[in-house]
Amino acid sequence: MNALEVKGLTKKYRDFTLSDISFSLPKGYIMGYVGQNGAGKTTTLCMIAHLLKGDAGVCSIDGLTYEKQPVQYREAIGYIGDKDGLVPDFTIGDVCSICRDFYPSFRADTFRAYVKKWKLPEKKKIKTFSRGMKVKLMFAEVLSRETKLLILDEATNGLDPVVRREILELLQDYISDGERSILFSTHILSDLEQIADYIFFIHNGKKVFFETKEELQEAYMLVKGGSGELRAPEKDCLIGVRESDVGFEALVRTDDAPCLPQGVLLEKPTVDQIVVHMIKDMEG
Amino acid sequence: MKVILSNQSELPIYAQIREQIKEQITDGRIAEGTVLPSIRQLARDLGISVITTTRAYRELESEGFIASVQGKGSIVLKRDNKVLREQYQRQLQEHLDAAVQIAQKLSMKEEELIAALKERSIL
């Protein structure tokens, strides 16, 4: 059974439409939901977490639907957003007792262990916490109860590389038993890209592609060359060409690479580079 | 077992893992019967995706270096089996081809190349 199944999510706003988003994420895997600011990432994630009501579409988590089992559905999700949603005047003790009342599966001892491990100040109010501390607190909260799916909406924004690295390991621990999955959205891929199994790319509210990262990185190559080396027939197979006085850079389908003239440099692209050139290509 | 991944490498990540494990099985640093770390454990240790490590193991399996045994994990197979011999032979061919190509670049004569091989004392 898939950890998460999403079918036909649609939401119309006056100046933006999220249209017909569908995908499924198997158990034990990590999916990166990638797109520019305003592409529809948060809208999708909030609809899955049922923090936002859509116009159409169904989601199921491990077979549960919100329509049939709203409580279990909500409990199966651990959601961490860009904005923290923590009460500024609370202390860690307040957070702990609220969670204990709210979630039957919440384990205060696990929570305390995380607090200790990350040296979070127990006496201070949350409003005095740094961004890194707040994110860690949210992770402690979510990881101390039984969930099936983590939804992270730009959760690692504004964190220093050391903390990002720690979070990365945490995420890999989370999926290590092969039963739980993670859906994260981001516009900074570099580090999270490494651990993602699947990449979903959304642009202007529509799906551009949904593939395993392996397939994606094999399907495309990055091509660089001098500006004089660009000629008409080959130019057609280039995707999102960026030209300057000293040369050009573009994306090319690996199948088309043999048609390119000798002397151009071909490299394996990062997901970031694939996305950037595709956006350039779509926007002309 | 040792696996070191390089971002500068020409090889994709899964191939780097495959080649490094293969090398260590071939030269005996990983002994026959060794249980390799699980796919998920390796992904976590290297900070890479599960699909990547799955692919590396799958290829090692199809090339006859390891076998996955239900409930036990991935186990290193006997070194002197037929598949491995074929692997070595193919590797030898490739290196010989490369040596011949370089010899041609140096305009070496056949006898000179054979002499160079003989110096290596296995012939």
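Which hand does the crossing of helix 4 and helix 5 of chain A have?

**Entry 1: ground rules.** I am working with a predicted model, in which local features need pLDDT of at least 70, side-chain atom pairs count only at pLDDT 80 or more, and totals for chains, interfaces and linings use all residues. Residues are numbered from 1 along each chain as its sequence is written, and chains are lettered from A and ligands numbered from 1 in the order in which they are written.

**Entry 2: the helix pair.** I looked up helix 4 (residues 108-117) and helix 5 (residues 131-143) of chain A, whose axes come within 8 Å and cross at roughly 155°. Helices here are DSSP runs of H or I with at least four residues, strands are runs of E with at least two, and both are numbered from the N terminus. Axes are lines fitted to C-alpha atoms, for helices over the stretch in contact, with angles from 0 to 180 degrees between N-to-C directions. The crossing is right-handed; that term applies if the near helix is turned clockwise from the far one by less than a right angle, and left-handed if anticlockwise. I noted the contact residues as A:Phe111, A:Tyr114 and A:Val115 on helix 4, with A:Ala140, A:Glu141 and A:Leu143 on helix 5. Contact requires C-beta atoms, placed from the backbone, within 7 Å. By class I have five nonpolar, no polar and one charged residues there. Nonpolar covers Ala, Val, Leu, Ile, Met, Phe, Trp, Tyr, Cys and Pro; charged covers Asp, Glu, Lys and Arg; the others, Gly among them, are polar.

**Entry 3: the sheet.** I found an open sheet of six strands in chain A, ordered 6-7-8-3-9-10, with mixed pairing. Strand 6 (77-80) and strand 10 (206-212) are at the edges with a single partner strand each, so one side of each has no neighbour in the sheet. Twist from one strand to the next averages 15°. Strands count as paired if DSSP finds at least two bridges between them. Strand 9 and strand 10 of chain A pair in the antiparallel sense over six bridges. I also marked A:His203, which stands opposite A:Lys206 in strand 10.

**Entry 4: the domains.** Chain A is divided into domain 1 (2-204) and domain 2 (216-283), with bounds from an automatic or database domain assignment. Their centres, taken over C-alpha atoms, are 35 Å apart. Eight residues of domain 1 are in contact with seven of domain 2. On the domain 1 side, helix 7 (190-195) and strand 9 (198-203) are the elements that give two or more residues. Strand 9 has the largest share, three residues. I logged that side as four nonpolar, three polar and one charged residues.

How values were computed
Contact = placed C-beta atoms within 7 Å.
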